[in-house]
Amino acid sequence: QVQLVESGGGLVQPGGSLRLSCAASGSIFSSDVMGWYRQAPGKQREFVANIVNDFTYYGDSVKGRFTISRDNAKNTVYLQMDSLKPEDTAVYYCWVWVQWKDHYWGQGTQVTVSS
């Protein structure tokens, strides 16, 4: 069983930056996939970024603006968000795929980009 806790969300102006953190408790391996999804009101959940074994993947809408990183010793994944746009407003969810079998989700953290 894995627990994920996101933090770092908040209100930021367009063009600003924000860094999200996701701390995992339980057995997480460096070979496990960790990442972020987001969901805006009335919209489908959208892939943001994944990281596994130093390989990173990004959704088209955030590529070049967001950077995912990971500290395996701390079981923590980060999402650095730069050049934020109003359309980035959403609840951001941390996700892990443990041993290519079980999926776990955090409770989400709200990111609001508005002037």
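**Core, strands and ring pairs**

Colleague: Of the 29 residues in the largest nonpolar core, which touch the most other members?

Modeller: This is a predicted model, in which local features need pLDDT of at least 70, side-chain atom pairs count only at pLDDT 80 or more, and totals for chains, interfaces and linings use all residues. Residues are numbered from 1 along each chain as its sequence is written, and side-chain values use heavy atoms, leaving out hydrogens and water. A nonpolar core joins buried Ala, Val, Leu, Ile, Met, Phe, Trp, Tyr and Cys residues through side-chain atoms within 4.5 Å. In the core of 29 residues, the members that touch the most others are L4, W36, L79, M81 and Y92.

Colleague: Which strand gives the most to this core?

Modeller: Strands are DSSP runs (E, at least two residues), numbered from the N terminus. At least two core residues come from each of β3 (18–25), β4 (33–39), β5 (46–52), β7 (66–71), β8 (76–81), β9 (90–98) and β11 (109–113). With five residues, the strand that gives the most is β9.

Colleague: Why is one side of β1 and of β7 left without a neighbour in the sheet?

Modeller: The open sheet of four strands has the order β1-β3-β8-β7, with antiparallel pairing; strands pair if DSSP finds at least two bridges between them. One side of each of β1 (3–7) and β7 has no neighbour in the sheet because each has a single partner strand and stands at an edge.

Colleague: What is the bridge partner of E6 in β3?

Modeller: Five bridges join β1 to β3, and the two run antiparallel. Within β3, the partner of E6 is C22.

Colleague: Is S21 buried or exposed?

Modeller: S21 is found in strand β3, where its contacts (heavy atoms within 4.5 Å) beyond four places in sequence are V5, E6, S7, W36, V77 and Y78. Buried means under 20% relative accessible area, exposed over 50% and partly exposed in between (1.4 Å probe, protein chains only). At 17% relative accessibility, S21 is therefore buried.

Colleague: What is the relative accessible area of D88?

Modeller: D88 lies in the loop between β8 and β9. Not counting residues up to four places away in sequence, D88 touches R38, R65, F66, S83, V111 and V113. D88 is buried, its relative accessible area being 0%.

Colleague: Which residue of β11 does G10 stand opposite?

Modeller: Strand β2 (residues 10–12) pairs with β11 in the parallel sense, over three bridges. By contrast, β9 and β11 run antiparallel, also joined by three bridges. In β11, G10 stands opposite V111.

Colleague: Is the ring pair of W95 and W97 stacked or tilted?

Modeller: Rings of Phe, Tyr and Trp (its six-membered ring) pair if their centres lie within 6.5 Å; planes under 30 degrees apart count as stacked, over 60 as edge-to-face and the rest as tilted. Such pairs link Y37, F47, W95, W97, W100 and W105 into a cluster. The count of aromatic pairs comes to six. For W95 and W97, the ring centres are 6.4 Å apart and the planes stand at 40°, so the pair is tilted.
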